[in-house]
Amino acid sequence: MIEILLGSLLGVFGFTQAVDTKPQPEGAVNISQPLTTSSATVNRERVQLEPMSELQFRNVVRQAYDYSCGSAALTTMLDYYLGRNLEERQVMEGLLRFGEAEKIVQRRGFSLLDMKRFVGALGYKSGGFKAEFKDLDDLEHPAIVPVHYAGFKHFVVVRDVYNDHVFIADPSLGNISFTRARFEEVWDQNILFVIYPSGQEPQNALALADRDLRIIDDRTVSLLAFREFPQITKFSENQATELGSNGNIHYIRRK
């Protein structure tokens, strides 16, 4: 009887050594594979899986309002390229304070000139340029560009160009990519807005990593765009924006 019990205990011990029975962290899986084709020795490795929803908006500030792609794109640049720690609301108020406030309210959106004035107040040099694709390909840092896509005008951040694909941080769709041909079709007037670092900024968090080197075909992007932007070419008729006397922006919903 004792021998049987001892044998059972040894069997359980051997099983727990061979198979990890401890609770796994959320998203973690164990992958086992033989070291060689003829080897009985198995190499076990733990891999952390990440939800696609988190990867989609990694290091991208998602726009809070239909018309706030400019402030969200600028916040993405300031936070993840220049190392600031700002929220979109703060950037919107800064754009209103240093930009052309009356025109912002009239057009229901921000311009590159508003961005230039605001980042200048933060101590950064910047500039808008008419560019060619080669200029974009040669850039060593991200840039904000206007695009005209799915019936609306929009600001996005070009992270990098790799193998004739343009990788973009889109304030509404997240991390996406276009083929060169498709990007040249939607690039609005070939305008490029660059912000120059002022000193020793942290490592560029918008730089491409291995996980980013994936291609999203135009059909998928189109479906995402029409799902996210059913009708936002103009400011919603049920909303209005007022500029407070202190320069803050207020959002009102009409009844």
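Let's start at strand β8, which covers residues 191-196 and holds Ile191; helices (H or I, at least four residues) and strands (E, at least two) are DSSP runs, numbered from the N terminus. This is a predicted model, where local features need pLDDT of at least 70, side-chain atom pairs count only at pLDDT 80 or more, and totals for chains, interfaces and linings use all residues. Residues are numbered from 1 along each chain as its sequence is written, and side-chain values use heavy atoms, with hydrogens and water left out.

**Ile191**
- At 22% relative accessibility, Ile191 comes out as partly exposed; buried means under 20% relative accessible area, exposed over 50%, and partly exposed sits in between (1.4 Å probe, protein chains only).
- Leaving aside residues up to four places away in sequence, Ile191 touches Leu112, Phe129, Ile144, Val145 and Pro146, where contact means heavy atoms within 4.5 Å.
- Gly128 is 63 residues from Ile191 along the chain, yet their C-alpha atoms are separated by 6.8 Å.

**Val60 and Asn175**
- Val60 sits in the loop between α2 (52-56) and α3, and Val60 is buried, with a relative accessible area of 7%.
- Not counting residues up to four places away in sequence, Val60 touches Thr76, Tyr80, Ala169, Asp170, Pro171, Gly174 and Asn175.
- For Val60 and Gly174, 114 residues apart along the chain, the C-alpha separation is 6.3 Å.
- Asn175 belongs to strand β7 (residues 174-179) and is buried too, at 6% relative accessible area.
- The Asn175 side chain reaches the backbone oxygen of Arg58 at 3.1 Å.

**Helices α3 and α6**
- α3 (residues 69-80) and α6 (residues 112-121) pack at about 35 degrees, with axes 11 Å apart; axes are lines fitted to C-alpha atoms, for helices over the stretch in contact, and angles run from 0 to 180 degrees between N-to-C directions.
- Gly70, Leu74 and Leu78 of α3 make the contact with Met115, Phe118 and Val119 of α6.
- By class, that α3-α6 contact has 5 nonpolar, 1 polar and no charged residues (Ala, Val, Leu, Ile, Met, Phe, Trp, Tyr, Cys and Pro count as nonpolar, Asp, Glu, Lys and Arg as charged, and the others, Gly among them, as polar).

**The whole chain**
- The protein chain has 9 helices and 10 strands, and 38% of its 255 residues are buried.
- Of the contacts between residues at least 6 apart in sequence, 59% join residues at least 24 apart.

Notes. Polar contact = N/O pair within 3.5 Å; in protein donor to acceptor, adjacent residues only side chain to side chain.
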